[in-house]
Amino acid sequence: IWSVRDGIIYCKGKPNGFLRSKKVYRNFILRAEWRFEPEGWTGAPEKWPNAGFFIFANEIKDTWPVSLEVQGYHGEAGSLFGVRGAKVQGAKRGPFVKDRPPLGSWDKYEITAREGHVSVVLNDQLVNEGHDAVPSEGNICLQSEGWPVQYRNVMVKELDK
């Protein structure tokens, strides 16, 4: 399902799943780019391909980790929300970023987490922030749901408090 070629992480998209970091993180900057395979996609705009990033990932509950998700879903990129009981205050979820590149283009995230505060920069623009995250530490995961997706330039920089 997952493979690496020429510095790019490829996921076939089925079955749904994720790659989890070995390390647990609390204060960090995650930079990464992702794109969906445009070949054969006919569902937009009613249903866009789905993927994303789990941060503060903990135990698995009903196939997904208790975590925060920074959405990569093409129609809701920039969203930040709790998964499987995790919570974050003040963050937005939904199709609020209107200026989206065409499907198949590389998107870029810079996600900064510090003491339970999370900011999401999408394609060099601050689009979301949340605070009082529970949990506020855990693994970082690349996530995929049902459609081929690629990741590149994935980097994590740990921060002091």
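## Basis of the description

The model is predicted, so local features need pLDDT of at least 70 and side-chain atom pairs count only at pLDDT 80 or more, whereas totals for chains, interfaces and linings use all residues. Residues are numbered from 1 along each chain as its sequence is written, and side-chain values use heavy atoms, with hydrogens and water left out.

## Overall form

The chain contains zero helices and 15 strands. Here helices (H or I, at least four residues) and strands (E, at least two) are DSSP runs, numbered from the N terminus. Along the principal axes, the C-alpha atoms fill a box of roughly 45 × 30 × 30 Å. The radius of gyration of the chain is 15 Å, which agrees with the value near 15 Å for a compact globule of 161 residues. This radius is taken over C-alpha atoms, and the globule rule is 2.2 Å times the number of residues to the power 0.38.

Of the 161 residues, 49% count as buried. A residue is buried under 20% relative accessible area, exposed over 50%, and partly exposed in between (1.4 Å probe, protein chains only). The chain exposes about 8,200 Å², and carbon and sulfur atoms supply 49% of this area; accessible areas come from the Shrake-Rupley method with a 1.4 Å probe, and for residues only the protein chains shown count as cover. Among contacts with a separation of 6 or more, 65% come from residues 24 or more positions apart, where contact means heavy atoms within 4.5 Å.

Strands of a sheet pair through backbone hydrogen bonds, either parallel or antiparallel. In this report, two strands pair if DSSP finds at least two bridges between them.

Strand β4 is mostly covered, as seven of its nine residues are buried. Seven bridges join β4 to β11 in the antiparallel sense, and L30 stands opposite I111 in β11. Eight bridges join β4 to β15, again antiparallel, with R31 opposite M155 in β15. Elsewhere in this sheet, β12 pairs with β13 (residues 125-134) over five antiparallel bridges, and S119 has E129 in β13 as its bridge partner.

## The sheet of five strands

A further open sheet, also antiparallel, consists of five strands in the order β3-β14-β5-β8-β9. Strands β3 and β9 (80-83) stand at the edges with a single partner strand each, so one side of each has no neighbour in the sheet. Neighbouring strands are turned by 30° against each other on average, direction ignored. Within this sheet, six bridges join β5 (residues 50-57) to the antiparallel strand β14 (residues 139-145). The bridge partner of F53 in β14 is L142.

Q71 lies in strand β8 (residues 67-71) and is buried, with a relative accessible area of 4%. Leaving aside residues up to four places away in sequence, Q71 touches N50, A51, G52, E76, A77, G78, S79, F81 and Y109. The C-alpha atoms of Q71 and F54 are separated by 8.4 Å, and the two residues are 17 residues apart along the chain.

## Salt bridges

Side chains of opposite charge can pair when their charged atoms come close. A salt bridge is a side-chain nitrogen of Lys or Arg within 4 Å of a carboxyl oxygen of Asp or Glu, and by this rule the count is six. One of them joins R26 and E115, whose closest N and O atoms are 3.1 Å apart. R26 lies in the loop between β3 (17-20) and β4 (28-36) and E115 in the loop between β11 (107-114) and β12 (117-122), so the pair ties together parts that are 89 residues apart in sequence. R26 is partly exposed at 29% relative accessibility, and E115 is partly exposed at 36%.

R152 and E33 form another salt bridge, with the closest N and O atoms 3.0 Å apart. R152 lies in β15 (residues 149-158) and E33 in β4, so this pair ties together parts that are 119 residues apart in sequence. R152 is partly exposed at 26%, whereas E33 is buried at 14%. D107 and R100 also meet in a salt bridge (2.8 Å, N to O), and both residues are buried.

Note on methods
Axes are lines fitted to C-alpha atoms, for helices over the stretch in contact, and angles run from 0 to 180 degrees between N-to-C directions.
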